Amino acid sequence: MYINLNRNLISFYFYFVFFNQALDAGLLLDVMSKLHAHYGDEGISIIMTASMARAEFAIKYNGKRSICFDIENEYAIASSELIEVFHPESAMKNEPLKSKCEVKDLIDLLPADLTHELVQEGTDIPTYMAEYALIDINLDVGRRACCWMGDDRVFLSQDENRLVTMEEIDDIVSKLGGFGSDNRAGLEQKLHRISGMCNRNGEVIGLSMRVGRWFEGNAAMLVDFLLGSDKSILILGEPGSGKTTIVRDAVSVLASRHNVCVVDTSNEIAGDGDIPHPCIGDARRMMVPSLDAQSSVMVECVQNHTPHIMVIDEIGRPREVEAARTVKQRGVRIIASAHGDLRKLLKNKELRGLVGGVESVTLGDAAAKEEAMRKSNGKANGSFSKTKAQRMGEPTFDVIVEVRRGEKHEWRITRDAKVAVDAILDGQKYKAELRSRDSRLPIVMYDLVEL
């Protein structure tokens, strides 16, 4: 039995049951009494059954809660159990990711005798491991060719005397779209990245061939921020943690509703060639001729093409930090990525302006003593510092998403960058949402953590 409830009233109940944080027990009882008066015993019985199912889920999954997104309520987080009763047609649930890798195009660049570890025997069809676990292929003149499957190195030939030749490197280079000033190249309308290692004469003597993947549905765990808000989002993580695959799908989701422009340094997001890869949907793409030009292209994009949203795969230099601030001040929303995590970002003098920057202020004796007492819970031993680190200004990015290598289905999301930065600078932990998914379940799992 499905019951249609007043959305304002039940949304209030969602809040308490979902977060399990009744700030005022009397207020919660008041909501329950109103629900009972409006819907009677049968309605309350259904609500309590859903609430019990929610509690059982939390017990089974170590305190994590089951959530989905309420489409009719601007994709707000909702209890999976409760929305199934109240508004099942409005629930956006977790769907299995659809991998679109095109790894065969990368394997086809290799000499035939170096493909045996990557294709099914007797065919040119990639193996399951090549399709889903292959990260990089490394070729260096005079050395054995190898690849990385997750954290494992796999040699591409069992013959220890089979070494890569200069002719094989040259043959692969001839099939590429040409190297830019950053020594990166690609394949026409493909997401793979090929980076060159050069000798002192500028000749390519080594290649790092990074597999580019597109996972349709990958950004679904962020849909409440992407489609239900206008907040700028910064995705942080170490190399290989999956930042770019999240960005690609986020572009497609946003472009279905907004004028989105991708500032694509090294063609990392939308692939090589003049025509962008289909993974970015209806978004437009501006290519960047060199790393040094990324900041100027960001400003040019705003001035000439009036996007609602700008997407940048990687911000890594001070000029890009300043350009991002300029873009935000002109009313354009930004989705971007950077290396590290939030605490490391605050230690990076070149990049911490993305989250407001840090300045050191000098305190008077009385203020310094009061600060020391506060931080030590009244147990200061008499010594105290007269300097204090504090946030310099407003963050360019409102929401922080932290991802880790090897944990591509588990993200830590900070809703308010200002609050988190202030907590870190004060020597405290900050609160984050831990969101994870399991392909066997039609929901997203949710927990609150301190980092």
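What covers the buried residues of H9? Here are some notes to get you started.

1. First, the ground rules. This is a predicted model, where local features need pLDDT of at least 70 and side-chain atom pairs count only at pLDDT 80 or more, while totals for chains, interfaces and linings use all residues. Residues are numbered from 1 along each chain as its sequence is written, and side-chain values use heavy atoms, with hydrogens and water left out.

2. Back to H9, residues 294-305. The cover over its buried residues includes strands E13 (260-265), E14 (284-288) and E15 (309-312), plus helix H10 (318-329). Helices here are DSSP runs of H or I with at least four residues, strands are E runs of at least two, and both are numbered from the N terminus. The buried residues are Gln294, Ser295, Val297, Met298, Cys301 and Val302; buried means under 20% relative accessible area with a 1.4 Å probe, protein chains only.

3. The length of H9 checks out: its 12 residues should span 16 Å at 1.5 Å a residue, and the end C-alpha atoms are 16 Å apart, so the two agree. (The expected span is 1.5 Å times one less than the number of residues.) After H9 comes Thr306, with a positive phi near 40°.

4. Contact here means heavy atoms within 4.5 Å. Just after H10, Gly331 has a positive phi of about 90°.

5. Now look at the largest pocket, which holds about 1,300 Å³ of space. A pocket is an open set of points on a 1 Å grid over the protein atoms alone, with protein on both sides within 12 Å along at least five of seven lines; lining residues have an atom within 4 Å of a point. Of its 50 lining residues, Gly240, Ser241, Gly242, Thr245 and Lys408 lie nearest the centre. H8 gives the largest share of the lining, five residues.

6. There are also two cavities of 30 Å³ or more, a cavity being a set of grid points where a 1.4 Å probe fits but cannot get out. The largest has about 60 Å³ of space, and its lining includes Lys190, His192 and Asp272.

Conventions. Grid points are joined across faces, edges and corners, and a volume is the space filled by probe spheres set on the points. Buried means under 20% relative accessible area, exposed over 50%, partly exposed in between (1.4 Å probe, protein chains only).
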